Amino acid sequence: KPNYPKPDGKLTFDRLSSVFVSNTVHEENQPSHLKLTDPSIPVEVNLPKWDEPAQRYCPAGVYEIMENNDGSKRFQINAANCVHCKTCDIKDPSQNINWVTPEGGGGPNYPNM
Ligand code: SF4
């Protein structure tokens, strides 16, 4: 497993702090714009084969593997944090994630770019 030093908050930053400065906003209660072709693949294929790489390659920490009360695993998508880089659409080893345009013009807002 990678063993990186923790972010120091001066030169290096954690992912959720970086999402915060991107001013990412999505409308509440909109359908997820991150679609799975087969919802079982993250836990049944990607997790045992590759330790579900979406947990690591997404720069916004959108994808998490969570544990249920009975010890089983589930794939959680925190779509509201997505910064629209589309890495998941390209990099998912099972080609199971489809990024679609979110409703309402939501997403990151970089006012100085
Ligand atoms: S588009 Fe980028 S930020 Fe959004 S979920 Fe995919 S990898 Fe994460």
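Author: A pocket is an open set of grid points with protein on both sides within 12 Å along at least five of seven lines. Keep that in mind as we read this structure. The model is predicted.

Reader: How much space lies in the largest pocket?

Author: The largest pocket holds about 460 Å³ of space. Its lining is made of 15 residues. Closest to the pocket's centre are Tyr4, Pro5, Pro7, Asp14 and Arg15.

Reader: Which elements give two or more residues to that lining?

Author: Two are named: α1 (15-21) and β2 (63-67).

Reader: How do the residues of this lining divide by class?

Author: Seven residues in the lining of the largest pocket are nonpolar, three are polar and five are charged.

Reader: Now the cavities. How many of 30 Å³ or more does a search of the whole structure find?

Author: A cavity differs from a pocket in that a 1.4 Å probe fits but cannot get out. Searching the whole structure gives one cavity of 30 Å³ or more. The volume of the largest cavity is about 70 Å³.

Reader: Which residues lie nearest the centre of the largest cavity?

Author: Cys58, Pro59, Cys82, Cys85 and Cys88 do. They belong to a lining of 13 residues. By class, that lining counts 10 nonpolar, two polar and one charged.

Reader: Where does the ligand sit?

Author: The ligand is placed in the largest cavity.

Reader: Let me step back to the fold. How many helices and strands are there in the protein chain?

Author: The protein chain has four helices and four strands. To see their order, read along the sequence: the pattern is α-β-α-α-β-β-α-β. The C-alpha trace spans about 45 × 35 × 30 Å along its principal axes.

Reader: In which sense do β2 and β3 pair?

Author: To read a strand pair, look at the direction first, then at the partners. β2 and strand β3 (residues 73-77) are antiparallel, with five bridges. Take the partners next. Ile65 stands opposite Phe75 in β3. Glu64 has Gln76 of β3 as its bridge partner.

Reader: What do β2 and β3 form, and how many residues lie between them?

Author: They form a hairpin, with five residues between the two strands. Within the turn, Gly71 has a positive phi of about 90°.

Reader: Is Glu52 buried or exposed?

Author: Work from the cut-off. Buried means under 20% relative accessible area. Glu52 has a relative accessible area of 1%, so Glu52 is buried. Now try Asp51. Its relative accessible area is 31%, so Asp51 counts as partly exposed. For the chain as a whole, 29% of the 113 residues count as buried.

Reader: Why does Lys35 count as partly exposed?

Author: First find it. Lys35 lies in strand β1 (residues 34-36). Then read the value. Lys35 counts as partly exposed because its relative accessibility is 38%.

Reader: Why is Thr101 exposed?

Author: The cut-off for exposed is over 50%. Thr101 has a relative accessible area of 65%, so Thr101 is exposed. You will find Thr101 in the segment after β4 (97-99).

Reader: How far apart are Lys35 and Asn96 in sequence and in space?

Author: Read two numbers for each pair, one along the chain and one across space. Lys35 and Asn96 are 61 residues apart in sequence, and 8.1 Å apart in space from C-alpha to C-alpha. Thr101 and Val19 are 82 residues apart in sequence. Their C-alpha atoms are 19 Å apart in space.

How values were computed: Residues numbered from 1 in each chain as written. Predicted model: local features only at pLDDT ≥ 70, side-chain atom pairs only at ≥ 80, totals over all residues. Heavy atoms only, no water. 1 Å grid on protein atoms, 1.4 Å probe; cavity = no way out; pocket = protein on both sides within 12 Å on 5 of 7 lines; lining within 4 Å. Sits in = over half its atoms within 2 Å of the grid points. Points joined across faces, edges and corners; volume = space filled by probe spheres on them. Nonpolar A, V, L, I, M, F, W, Y, C, P; charged D, E, K, R; others polar. Pairing = 2+ DSSP bridges. Buried < 20%, exposed > 50% of the residue type's maximum accessible area, 1.4 Å probe, protein only.
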